[in-house]
Amino acid sequence: MDSQATTTAATFTQPLLFPTPSSLLHAPTNKQTNNTKYPCLICDVTKVDPPSLLDHLAREHKIVISDVAKIADLLIYLTYWKKRLIDKPIQEFASQIDTSSSLRPSAASTTDTTPTTPTTTTSSSTGGGEKEGGGGDGKVEQKAKVQTKQTTYYMLSDVLPEDATLRLHIRQQKLEEVLAKQQAERSDPSFDKKCLFCNASFKGDRNGLIAHMFQVHKFNIGRPDNLVDVSEFIGLLHNRLDHLQCLYCEKTYKSSAVLKQHMRKKKHFKLNPKNSSYDRFYASNYLEPGKHWQDIQKEIDAEPDDDDDDGAVVPPSVPSSSSSSSSSS
């Protein structure tokens, strides 16, 4: 990946926003251990979560990373670029973004400490003509100084061929890992989970559990061939229900009976497509990193489906083309 690096200068008229947790809402949240630390590209600082690390890069080193949601594994990406930047400056790889902002001193401020060129100051008197610097007799009128501060940021993006190759390599690597894990799960005899809504138990048969929940309870989490880490996925959903939380609107209720009544009445036997914590359980999110659940759901809804009397979409009982999370029940 030692292709010739090029830089591109760009000037933006709108303010540059710092990374926030919401900006990573749809980023692939690959499973990491509690000890995972994300390294800064420049200094020795590490952070335990991506939003904090991206905020540090922007504020302390003026570095931003484009399309973070489309990076299949941010830790691998950061580790690669940290090594590359040991011997070469960020300017050799990143696009330059120049931003400017206007600063107005407060009324009480009399000293200008900003190394910028202020606007011309003029004075006028009621007596003999105009004089500069407030000299002469009479009333003096002074215009407020307007100063411009310019900040340069450096953006890593797939405009650079090396970066584009790296992102593709990471995506392919993660997809291979996911498919291998998925294949192992299909024949895993240790699978042992109960239905989310009744006492039915399924050992070594994850597909049977998925089919049961849809056929009996009209609850669809997706097609079996599109799911990975199913045991953990079901465990996460069990935990939400144990805490009396609706899986769709995610409101909390005072008792299990009230929660079940709510889900039946509102037809909330489906997952919230805006909840990004489910993303890593779907193989399609590794095929198309950064693609939102809502977008995939629209594609599913646009396809001709066989609906039952309740409007529920029946998932295939055998593996088929991958799709994302649940359709409405």
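1. Helix α2 (residues 74–84) packs with helix α3 (residues 161–186) at an angle of about 145 degrees, and their axes lie 10 Å apart. Axes here are lines fitted to C-alpha atoms, for helices over the stretch in contact, and angles run from 0 to 180 degrees between N-to-C directions. Helices (H or I, at least four residues) and strands (E, at least two) are DSSP runs, numbered from the N terminus.

2. The model is predicted: local features need pLDDT of at least 70 and side-chain atom pairs count only at pLDDT 80 or more, while totals for chains, interfaces and linings use all residues. Residues are numbered from 1 along each chain as its sequence is written, and side-chain values use heavy atoms, with hydrogens and water left out.

3. On the α2 side of the contact (heavy atoms within 4.5 Å) stand Ile76, Tyr77, Tyr80, Trp81 and Arg84, which meet Glu162, Asp163, Leu166, Arg167, Ile170 and Gln173 in α3. By class, this contact of α2 with α3 comprises six nonpolar, one polar and four charged residues. In this classification, Ala, Val, Leu, Ile, Met, Phe, Trp, Tyr, Cys and Pro count as nonpolar, Asp, Glu, Lys and Arg as charged, and the others, Gly among them, as polar. An α-helix has 3.6 residues a turn, so residues three or four places apart point the same way.

4. Helix α4 (residues 206–217) has 12 residues and spans 16 Å from its first C-alpha to its last, close to the 16 Å expected at 1.5 Å a residue. The expected span is 1.5 Å times one less than the number of residues.

5. The buried residues of α4 are Arg206, Gly208, Leu209, Ile210, His212, Met213, Phe214 and His217. Buried means under 20% relative accessible area, exposed over 50%, and partly exposed in between (1.4 Å probe, protein chains only). These buried residues pack against α3, β7 (192–194), β8 (201–203) and α5 (230–242).

6. Lys218 follows α4 and is placed in the loop between α4 and α5. Although Lys218 is not a glycine, its phi is positive, about 55 degrees. At 27% relative accessibility, Lys218 counts as partly exposed.

7. Asp67, in the loop between β4 (63–65) and α2, is not a glycine either, yet has a positive phi of about 50 degrees. Asp67 is partly exposed, with a relative accessible area of 42%.

8. Of its 329 residues, 39% count as buried.
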